[in-house]
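User: I would like to learn how to read the features of a structure, one at a time. Please give the general idea before each case.

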Amino acid sequence: MIPTLSAEKIILAPFSMADAPLVQLYVSDPEIARVTQHIPSPYPNGLAEKWISSHLLAFLEQRNVVFSIRSKEGELHGAINLHLDVKNKLGTLGYWMGLPFWNKGYCTDAARRLMRYGFEELLLNKIHARHLAANPASGRVMQKSGMTQEGFLRQHVIKDGAPMDIVEYGVFRDEFLSSSV
Ligand SMILES: CC(C)(COP(=O)(O)OP(=O)(O)OC[C@H]1O[C@@H](n2cnc3c(N)ncnc32)[C@H](O)[C@@H]1OP(=O)(O)O)[C@@H](O)C(=O)NCCC(=O)NCCS
């Protein structure tokens, strides 16, 4: 079963179906659509329920580990996931936060905790992540979580019809576990 993990400021817990309306509300914000690549905009009715209902099987099949980011009291703040490539012991980190919870250090706290889980419990060797160069806040989360910039991919994706640069970050197991983050 998907566990619940406690971090310094937040907890990571499985989503429940009752979270669907808030998920739809938060990810429908144009500020989120502006800087992400895989969240549809407009966000269709029913997609949050479909997404939440996919989490358990993805966890059991070791494809993707998805957690809600919540206050210690249980209020939904956002989402974070590790997409798993078991053969290469590689995890790909992704996240979004509801706009009212930005810039409070919550995503960094969540990313550090999930990365620790990925290395210690899932026995990954490396975790990487990438962000649009036009989204420096996400890059800050990666830096503050102990990742190092590994690449700058020029005009690597097309977003809203325009070529966009991508920044690639990563950290490997020994590096993360011996660091102080
Ligand atoms: C990226 C995101 C998850 C960060 O969540 P968060 O909880 O606000 O992150 P944190 O508070 O832990 O850290 C944010 C950092 O970005 C910095 N930041 C915010 N806006 C910034 C900007 N325009 N330029 C540079 N840095 C910025 C903050 O100052 C903070 O860094 P600091 O602690 O050094 O001051 C959130 O902004 C979000 O959901 N964005 C939309 C979805 C998204 O971008 N997902 C990732 C796609 S790769």
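Analyst: Let us begin with burial: a residue is buried under 20% relative accessible area, exposed over 50% and partly exposed in between, with a 1.4 Å probe and protein chains only. Helices (H or I, at least four residues) and strands (E, at least two) are DSSP runs, numbered from the N terminus. The model is a predicted one: local features need pLDDT of at least 70, side-chain atom pairs count only at pLDDT 80 or more, and totals for chains, interfaces and linings use all residues. Residues are numbered from 1 along each chain as its sequence is written, and side-chain values use heavy atoms, with hydrogens and water left out.

User: Which residues of helix H1 are buried?

Analyst: An α-helix has 3.6 residues a turn, so residues three or four places apart point the same way. In helix H1, residues 20–27, the buried residues are Ala20, Val23, Gln24, Tyr26 and Val27. Their packing partners are helix H2 (30–35), helix H3 (47–53), strand E4 (76–85) and strand E5 (90–97), where contact means heavy atoms within 4.5 Å.

User: How many bridges join E5 to E6, and how many join E7 to E8?

Analyst: E5 and strand E6 (residues 126–132) run parallel and are joined by three bridges; glycine 91 has isoleucine 127 in E6 as its bridge partner. E7 and E8 run antiparallel, with eight bridges, and threonine 148 is partnered by glycine 170 in E8. E6 also pairs with E8, in the antiparallel sense over seven bridges, and there leucine 132 has isoleucine 166 of E8 as its bridge partner. The hairpin of E7 and E8 has two residues between the strands, and aspartate 160 takes a positive phi near 50° in it.

User: How many aromatic pairs are found in the whole structure?

Analyst: Rings of Phe, Tyr and Trp (its six-membered ring) pair if their centres lie within 6.5 Å; planes under 30 degrees apart are stacked, over 60 edge-to-face and the rest tilted. The search finds four such pairs. In one of them, the ring centres of phenylalanine 15 and tryptophan 51 are 5.0 Å apart and the planes are at 65°, so the pair is edge-to-face. Phenylalanine 15 is in the loop between E2 and H1 and tryptophan 51 in helix H3, 36 residues apart. Phenylalanine 15 is buried at 10% relative accessible area, whereas tryptophan 51 is partly exposed at 26%. Phenylalanine 67 and tyrosine 117 are also edge-to-face, because their planes are at 90°, with centres 5.9 Å apart. Phenylalanine 67 lies in strand E3 and tyrosine 117 in helix H5, so this pair ties together parts 50 residues apart in sequence. Both residues, phenylalanine 67 and tyrosine 117, are buried.

User: Why is arginine 70 classed as buried, and what does its side chain approach?

Analyst: Arginine 70, in strand E3 (residues 64–70), is classed as buried because its relative accessible area is 12%. A polar contact is a pair of N or O atoms within 3.5 Å; within protein, one must be able to donate a hydrogen and the other to accept it, and residues adjacent in sequence count only if both atoms are side-chain atoms. A polar side-chain atom of arginine 70 lies 2.9 Å from the backbone oxygen of glycine 74. Beyond its neighbours within four places in sequence, arginine 70 has contacts that include Ile10, Asp19 and His77.

User: Which residues come nearest to the ligand?

Analyst: A residue is near a molecule or strand if one of its heavy atoms lies within 4 Å of it. Of the 22 residues around the ligand, Asn103, Thr108, Asn135, Arg140 and Lys144 come nearest. In the side chain of threonine 108, an N or O atom is 2.5 Å from an oxygen atom of the ligand.

How values were computed. Pairing = 2+ DSSP bridges.
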